[in-house]
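Here's a quick tour for anyone meeting this structure for the first time. Let's begin with its aromatic rings and then look at what surrounds them.

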Amino acid sequence: MTLEQIDIAIAEHLGWSDIKVGEGARIWGNRPNSAGQDYRKAAVPQFHAKLDDMHYAETVLTYEQFDEYYIQLSTKMVRPFHSTAAQRSEAFLRTIGKWQDEIMEDDNENETGQLSTHVSV
């Protein structure tokens with residue numbers, strides 16, 4: 001996933017709406033308040049880069065989800081509490097089922113769908 005996709009997916013899970021990429025690659029959207037209503041447009045947090053933003057996201061996980069989140073972090077690091085915002089954002093999205101691995105397309109597939117063993121030099 002791209003950094004924009006990561007931030008958008010987490011923001012959507014947290015209830016942000018009308019999310020759009022604006023000028024300067026900033027992402028804008030309407031953030032929810034505690035009553036479930038939209039506030040005015042604001043910059044979407046940079047979950048992939050800031051631990052404070054990820055801490056905010058972590059607060060919405062259920063106990064069961066937090067257990068899975070910890071397992072996801074543990075598979076990436078020996079000490080999950082020392083993980084970066086990028087590692088936490090990936091673990092968060094894997095936990096809630098929104099992580100998308102990038103699909104590598106190869107133009108060297110043969111007719112049966114098998115990857116070619118030909119090496120270009």
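In this predicted model, the count of aromatic pairs comes to 2. One of them joins Phe66 and Tyr69, whose ring centres sit 5.6 Å apart with planes at 50°, so this pair is tilted. Ring pairs tie Phe66, Tyr69 and Phe92 together into a cluster.

**The ring cluster**
- Phe66 and Tyr69 are both found in helix α3, 3 residues apart, or about one turn of the helix.
- Phe66 is partly exposed, at 36% relative accessible area, while Tyr69 is buried, at 1%.
- Tyr69 also pairs with Phe92, this time edge-to-face, with 6.5 Å from centre to centre and 80° between the planes.
- That pair links distant parts of the chain, as Tyr69 belongs to helix α3 and Phe92 to helix α4, 23 residues apart.
- Phe92 is buried, with a relative accessible area of 0%.

**Around Tyr69 and into the core**
- Leaving out residues up to four places away in sequence, Tyr69 touches Met54, Glu58, Leu61, Arg88, Ala91, Phe92 and Thr95.
- The largest nonpolar core has 22 residues, and among those touching the most other members are Tyr69, Phe92, Ile10 and Met54.
- Helices α1, α2, α3 and α4 each give at least two residues to this core.

**Helix α1**
- Helix α1 covers residues 3-13, and its buried residues are Ile6, Asp7, Ala9, Ile10 and Ala11.
- These buried residues pack against β1, β2, α2 and α4.
- Just past α1 comes Gly15, which has a positive phi of about 100°.

Technical notes
Residues are numbered from 1 along each chain as its sequence is written. This is a predicted model: local features need pLDDT of at least 70, side-chain atom pairs count only at pLDDT 80 or more; totals for chains, interfaces and linings use all residues. Side-chain values use heavy atoms; hydrogens and water are left out. Buried means under 20% relative accessible area, exposed over 50%, partly exposed in between (1.4 Å probe, protein chains only). Helices (H or I, at least four residues) and strands (E, at least two) are DSSP runs, numbered from the N terminus. Contact means heavy atoms within 4.5 Å. A nonpolar core is a set of buried Ala, Val, Leu, Ile, Met, Phe, Trp, Tyr and Cys residues joined through side-chain atoms within 4.5 Å. Rings of Phe, Tyr and Trp (its six-membered ring) pair if their centres lie within 6.5 Å; planes under 30 degrees apart count as stacked, over 60 as edge-to-face and the rest as tilted.
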